[in-house]
Amino acid sequence: MSIGIDKLGFYTPKNYIDIVELAEARDVEPGKFTIGIGQDKQAVPNPYEDVVTMAAEAANQILTEDNKKDIELVIVGTESSIDESKSSSTFLMDLLDLPNEVRAFEIKQACYGATAGLQMAKDFIATHPGKKALVIASDIAKYGIKTAGEVTQGAGAIAMLVSENPQIVELEDKSVYLTKNVGDFWRPTFSKTAFARGKYSNEIYMDFFKTLFDNYNQKFDQDVENIDTLLFHIPYTKMGRKALNTIESDVSEEKFNDLVERYQKSIEISRSVGNLYTGSLYLGLLSYLINGDVKDNESLMMFSYGSGAVGEIYSAKVVSGFEKAIDIEGIKNMLDSRKKISISEYETIFNTEYKNYDVVNIDTVEGEFYLSEITENERLYSRISK
Ligand code: COA
């Protein structure tokens, strides 16, 4: 039975900042941010947006009424959750009008969460033929104003409908994984922003990639020259490129140049959105499918990494005709119609937070799903009907 990603939706907030303007405001040479880090724009979520509203926006793009009837598993992967107890998935029942006869929960392991969800969904479909699973990666990457990590912030959600006979990508059974207790990145429950040993996290990322790459090739007897495309978790676009460089001596020059060319296609959207945390690998997949020169039945090696740390490399195959199952025009329009805001506007939004008994003014809402009020410390959500 072939199982995989049948539909792929993507949402990113309507506002963004220009990375050169951020560099100028922080008195940094712009080349450090645009070349050294590899970013152009950074998404800025409105205060009424969070992982629930972004997850709803991404999933709403792809679900038909028929799809909803078959869904029996809903997983949201996030590391910027809004509740320590109640999962984001439960809010989606009402917002997306999903059937109640589902298993729904949230999953956390830094930027690895969506991959854990996807692999779990694959196993679920294998034992529940004919059913579908909804896996959503939704995150707001927040390091804080004037921190070293500020340039690697971003926000957005990726929704994946997982089913038998998928239209976009088939998930294979070949996978290697690794877990180590590492202090490279953490966000204690009291803090809205992450703490990171930035350079150390880069080292661990690369170490995990190289170890998993070697383990995968050995375990599945893979000739590295036969790899079509390598996709990476992209906290910032230079990061994956640094990891790719570690295998330069393992492959021919021609193969390496081809892998680099394909990598460049996978980072196009990330350059203009920023860090999606657990959605980043899947934003890279989407970007590659939209912008890349994808071959028939092309094989993908997917590197997922979540600080703390868990990593996995698994293989997948692109399904021919995949482009018909992705709303390419809709995604391009969403990106092109965003609004640039100034660095001071971004700082104001960054520091704005709704409090208990606040009610959001609907006239300020730009998306379809939003946090409408907080009452007795309970966050309540609404949908603007179109
Ligand atoms: N033009 C071009 N490149 C420049 C430059 C310029 N004017 N000035 C500096 N650079 C390059 C540096 O040489 C460096 O490249 P290298 O990494 O290939 O050596 C790069 O820009 C970054 O500079 P650096 O001094 O290392 O940046 P930093 O101390 O501000 O930290 C991070 C960068 C990524 C560590 C920091 O943003 C961070 O902590 N991010 C959060 C953690 C994270 O994203 N981890 C990823 C793994 S999950």
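Which residue forms a salt bridge with K192? The partner is E353, with the closest N and O atoms 3.7 Å apart. A salt bridge here is a side-chain nitrogen of Lys or Arg within 4 Å of a carboxyl oxygen of Asp or Glu. K192 lies in the loop between β9 (185-186) and β10 (195-196), and E353 in the loop between α13 (343-350) and β15 (369-375), so the pair ties together parts that are 161 residues apart in sequence. Helices (H or I, at least four residues) and strands (E, at least two) are DSSP runs, numbered from the N terminus. The whole structure holds 18 salt bridges.

This is a predicted model, in which local features need pLDDT of at least 70, side-chain atom pairs count only at pLDDT 80 or more, and totals for chains, interfaces and linings use all residues. Residues are numbered from 1 along each chain as its sequence is written, and side-chain values use heavy atoms, with hydrogens and water left out.

Now the domains. The chain splits into domain 1 (3-168 + 325-383) and domain 2 (170-323), with bounds from an automatic or database domain assignment. Their centres, taken over C-alpha atoms, are 20 Å apart. Domain 1 brings 60 residues to the contact and domain 2 brings 50; contact means heavy atoms within 4.5 Å.

The size of an interface is often given as the accessible area lost when the parts come together. Between domain 1 and domain 2, about 4400 Å² is buried, and carbon and sulfur atoms give 59% of that. Buried area is the accessible area (1.4 Å probe) that two parts lose on being put together, summed over both. On the domain 1 side, C111, Y112 and Y143 lose the most area to domain 2, together 14% of what that side buries.

Polar links cross the interface too. Three salt bridges span domain 1 and domain 2. Elsewhere in the list of pairs, D40 forms a salt bridge with R271, their closest N and O atoms being 2.8 Å apart. The side of domain 1 that touches domain 2 divides into 28 nonpolar, 22 polar and 10 charged residues. In this scheme Ala, Val, Leu, Ile, Met, Phe, Trp, Tyr, Cys and Pro count as nonpolar, Asp, Glu, Lys and Arg as charged, and the others, Gly among them, as polar. Elements that each supply at least two residues to that side include β1 (3-11), β3 (41-44) and α6 (113-127).

Strand β3 also belongs to an open, mixed sheet of three strands, ordered β3-β2-β14. β3 and β14 (339-340) stand at the edges with a single partner strand each, so one side of each is left without a neighbour in the sheet. Two strands pair if DSSP finds at least two bridges between them. β2 (residues 15-18) runs antiparallel to β3, joined by four bridges. In one of them, I17 is partnered with Q42 of β3.

Two backbone details remain. Most residues other than glycine have a negative phi, and most peptide bonds are trans. K146, not a glycine, has a positive phi of about 65 degrees. The peptide bond from G308 to A309 is cis, with omega near 10 degrees.
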